[in-house]
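User: Please take a close look at the aromatic cluster in this structure. I would like one connected explanation.

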Amino acid sequence: MMAIFAALTFSFTSCGDDDDEPSTANIVGTWKISAGASVDLGIKQYVQFKKNGGFTEVDIDEDGITIMKGSWELRGSTLLVTNHDEELGIDIPVESEVWKLTDSELVLVTLGFKQTYKKVADSEIEKYL
């Protein structure tokens, strides 16, 4: 159940606040959630987007650490994230729109909830892998 919640936590839906298309170069790297529903629920979350289209998400809460892996693709301002859930044996695709993307900040709306991420060093997520 935690895997499904985490997958939904990382599903993004919103409208962009300008006409600039996000750059895949800006999204590559490691992001730490700094504000939003996950933080309010006590979840510490890291997401790493790799140049090769792979991603890793680490969620940390009172129940422990959950690691999810999958793929991502940015098409204009639409982000397609597919969680490869090994426990359930299924892929969970989620199509989203990026609200804001800069070199240091990623702002998304997740199931109607605003989520803000700050870019951090890759070593921040790697200590959990």
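Analyst: F49, F55 and W72 form one aromatic cluster. This is a predicted model, in which local features need pLDDT of at least 70 and side-chain atom pairs count only at pLDDT 80 or more, while totals for chains, interfaces and linings use all residues. Residues are numbered from 1 along each chain as its sequence is written, and side-chain values use heavy atoms, with hydrogens and water left out.

The structure holds three aromatic pairs (rings of Phe, Tyr and Trp, the last by its six-membered ring, with centres within 6.5 Å; planes under 30 degrees apart are stacked, over 60 edge-to-face, the rest tilted). The ring centres of F49 and F55 are 6.5 Å apart and the planes stand at 35°, so this pair is tilted. For F49 and W72 the centres are 5.5 Å apart and the planes at 80°, so that pair is edge-to-face. Because F49 lies in strand 2 and W72 in strand 4, their pair ties together parts 23 residues apart in sequence (strands are DSSP runs of E, at least two residues, numbered from the N terminus).

F49 is buried at 2% relative accessibility (buried means under 20% relative accessible area, with a 1.4 Å probe and protein chains only). F55 is buried with a relative accessible area of 2%, and W72 is buried with 10%.

F49 also belongs to the largest nonpolar core, which has 15 residues; F49, L79 and L106 touch the most other members (a core is a set of buried Ala, Val, Leu, Ile, Met, Phe, Trp, Tyr and Cys residues joined through side-chain atoms within 4.5 Å). Strands 2 and 4 are among those that each supply at least two residues of this core.

Terms used: Buried < 20%, exposed > 50% of the residue type's maximum accessible area, 1.4 Å probe, protein only. Helix = DSSP H or I, 4+ residues; strand = E, 2+ residues; numbered from the N terminus.
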